[in-house]
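Hi,

Here is the structure I promised to pass on.

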Amino acid sequence: MEFFCYHRDRPASAALRDELLEEHWSYMDRYAAEMIARGPTFAADGDTATGSVHIVDLPDAAAARAFAFDEPNYQAGVYRDVLLRRWRNLLGRTMWEFPGGRTDADRYLVLGLGSGRDTDLVVPSDRDELIAYGPLLSDDGATTVGTAVLLRAPDPDTARAVLAPHLYADIEVHDWQFGGRPS
């Protein structure tokens, strides 16, 4: 089962986040085989971390909850909240298989949050810019409640346009970058 996890940072938690960086990476190393995508989100200044995205393939919802809530930054109070949803990988690949690689151009997390209507279940035709794409699902996987996308785009407005606004109550766009230990 695939899960989308977005830990949102608590204001003024940057020093604690920095202090726990090695613990965070060590924790994530334990899930390397299950990881579909990962990486931090940033404020408009490009420096201030605002959250952490992890898309993982785990056996069940209990394993996903343990992954999200046992994470060292969560345990220490870096994060203010967690969005944890079942997810379906419509691209069928990991971020490491993205043909665009880790660098060149800006990258974004786009979250289309449900409005009770159907959401974008068809992958856009320009797949070359998509790093990860799939629906956010209810706990039982039967109801689509939104869409989560990681993509390369020239600016936030272009990133936002990957989703049809009339299908969502809200669309969030966050600066995002490939995560993990530096090579």
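**What I found**

Strands here are DSSP runs of E with at least two residues, helices are runs of H or I with at least four residues, and both are numbered from the N terminus. This is a predicted model, where local features need pLDDT of at least 70, side-chain atom pairs count only at pLDDT 80 or more, and totals for chains, interfaces and linings use all residues. Residues are numbered from 1 along each chain as its sequence is written, and side-chain values use heavy atoms, leaving out hydrogens and water.

Strand 6 and strand 7 are antiparallel partners over 7 bridges (pairing takes at least two DSSP bridges between two strands). Zooming out, 8 strands close into an antiparallel barrel, in the order 1-3-2-8-5-7-6-4.

Now the inside. The largest nonpolar core has 19 residues; such a core is a set of buried Ala, Val, Leu, Ile, Met, Phe, Trp, Tyr and Cys residues joined through side-chain atoms within 4.5 Å, with buried meaning under 20% relative accessible area (1.4 Å probe, protein chains only). Among the residues with the most contacts inside this core are Phe4, Trp87 and Leu150. Strand 6 gives the most to this core, 3 residues.

Leu150 touches (heavy atoms within 4.5 Å) residues including Ile55, Leu109 and Trp176, leaving aside those up to four places away in sequence. Apart from this core lies another, of 16 residues, Val149 and Tyr168 among them.

Cheers

Note on methods. Buried means under 20% relative accessible area, exposed over 50%, partly exposed in between (1.4 Å probe, protein chains only).
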